[in-house]
Each structure stands twice: as C-alpha cells, then as structure tokens.
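Hi,

Here is the structure I promised to pass on.

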Amino acid sequence: MTELQALLLGLLQGLTEYLPVSSSGHLTIASALFGISGEENLTFTIAVHVATVLSTLVILWREIVWLLRGLVDTKAPLMSPERRYILAIIISMIPIGIVGVFFKDYVEAIFGSGLLIVGLCLIITSALLTLSYYARPRQNEEIGLMQAFIIGLAQSVAVLPGLSRSGTTIATGLLLGVKKEKMAQFSFLMVIPPILGEALLSILKAAKDGTEAAAGDISMSALIIGFLAAFISGCIACKWMISIVKKGKLVYFGIYCAIVGCIILGSSLL
C-alpha cells in the first residue's frame, strides 16, 4: 500500500464511517480497485477504525464528560439519566459481543467473499434508509432498554460489508420511535467500545503471531497517513451526520446506496 492509497482510503473510511453508506463496503470496493488484500488490508482497517473512534471522542466530548460525571456522582439516584444511558449502551453491545466471540471467523470469511455481497448489502441499506424516512412512528423522549437491545441487534448484523453500521442503527432507532436528535448521538457512542475491543483483540493476536507477519507489507508512514486522514475526515463527517439526521435527509443516502449497489451487482454478475 502506497502513501497515496493510504491517504485516499483513510479519507474514505473517515467519511463513510459516519455517513450511512457503509465504510466496510466502500473500503472493500476501494481495496479491490487498488489490489490490496489480506493482512495488509486488515492491519490498515484496524488503524483507521481506531482513528474514527477518536474523532467520535473529539466531537462528542461534552456528552462523554456528562456520562462520566453522572456515573461517578455519588449523590445521583441509582438510575439517573446518565447511568440509564450508559446501561442502554452496554445492552446495545451484547449482540455485537456475541457475534465477535462466536462468529468472528465466519464474518471474516464473508468479508473475503468478494463484491457481490457488498452490492446486495448496499441495496438493503438503501431500503432501510428509505423506510425510516417515510415511516412516522410515535416518538419517545428517551431510548428504552429494549430499544437499545434491538438497535444492538441491528449493529451486529451490520458487520456485513455494504450494510452501513450507522445507517442500520440510526434507521432502526428511528423506526422504533427514537427522536432524530438523540439517535445519531447514541449510534456513534455505542460503537466506541466494540471497535476498541476489536482493536485490542487484533493487537493481542498480532503480538502472538508476530508483529511483522501481522502487519504485512504496509509501511509505518502509510499507516500514519491513513490514520490522520481518517481522524480528520471522521471529525468532519461525524458533526455533519448529526446535522443531517436532525434534518431527516437520510433518503438521499438511500438513493446513493441503491445506485452504487446496483452498479456493484451488475459488474459482479457480468
């Protein structure tokens, strides 16, 4: 992987992690175009995912501080709004945790199955975004624990390349009646622990297998460039996406996913 490829892929990851168009799907497409695969691609993917988590921490730092203060506040009720919110995040992590522990190898096999599944999942993403745009469920003032679990189920399914994590979780939350202004924030906060956990497990696996073997042929300069590109573009996209969700403009991304998905399907089947 060259430095220019790392820059382009990092920018792509940072933007598409938050925009509901599937970062994994777009990285799979771009990697195929660049001829990048195997451990080299895996190492880079972990790095840019951690970068986008850091961009979430930067953009949503006020909300994170609010949650942490509420968690350690000894004078607050046992189930204060902050602690209830943290509990909802923990519950949302259960499905993705089960997938990560028991089905990790199967998911990795799917990620290596080519572009056909990417095209199919992009079309599914389009359908979810369109449905959430036209549906008008009764809105709730806060995210319930059952709602958090269902949103977590949506996140666990969205490990498939082409099925947007942010798009799937936000659309699911909107269909469940979660207010727009709260859903984007919850979607971005709930993904922080799983991504950091996955990165930690990958680092431990790399240490066990040997760092050089796990890193493939990617250079440190390419990793740094990709990391910084993903972080900066992630900060921009995270803030932009929160505004987009509030305005209810997700249907336009649904149209985009449908077009790209059909193109990928057509090229895969020809």
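Leaving out residues up to four places away in sequence, Arg-165 touches Glu-17, Gln-155, Ala-158, Ser-187, Phe-188, Met-190 and Val-191, where contact means heavy atoms within 4.5 Å. Arg-165 sits in helix 9, residues 165-175, and is buried with a relative accessible area of 12%. Buried here means under 20% relative accessible area, exposed means over 50%, and partly exposed is in between (1.4 Å probe, protein chains only).

Before you read further: this is a predicted model, in which local features need pLDDT of at least 70 and side-chain atom pairs count only at pLDDT 80 or more, while totals for chains, interfaces and linings use all residues. Residues are numbered from 1 along each chain as its sequence is written, and side-chain values use heavy atoms, with hydrogens and water left out.

Now the overall picture. The protein has 14 helices and 0 strands; helices (H or I, at least four residues) and strands (E, at least two) are DSSP runs, numbered from the N terminus. Of its 270 residues, 49% count as buried. Taking contacts between residues at least 6 apart in sequence, 82% join residues at least 24 apart. The protein exposes about 13400 Å², with carbon and sulfur atoms supplying 71% of that (Shrake-Rupley method, 1.4 Å probe; for residues, only the protein chains shown count as cover).

Next, the rings. The structure holds 4 aromatic pairs, meaning rings of Phe, Tyr and Trp (its six-membered ring) with centres within 6.5 Å; planes under 30 degrees apart are stacked, over 60 edge-to-face, and the rest tilted. One of them is Trp-66 with Tyr-85, edge-to-face at 6.1 Å centre to centre and 75 degrees between the planes. Trp-66 is in helix 4 (residues 61-72) and Tyr-85 in helix 5 (residues 81-102), so this pair ties together parts that are 19 residues apart in sequence. Trp-66 is partly exposed at 36% relative accessible area, whereas Tyr-85 is buried at 15%. Tyr-85 also pairs edge-to-face with Phe-186, at 5.6 Å centre to centre and 75 degrees between the planes.

Beyond four places in sequence, Met-241 is in contact with Tyr-18, Leu-19, Pro-20, Ile-170, Phe-188 and Leu-250.

Last, the cysteines. With a disulfide taken as a pair of cysteine sulfur atoms within 2.5 Å, the count comes to 0. The closest cysteine sulfur to that of Cys-238 is in Cys-235, 7.7 Å away and too far for a bond. Cys-238 is buried at 0% relative accessibility, and Cys-257 is buried at 0% too.

Cheers
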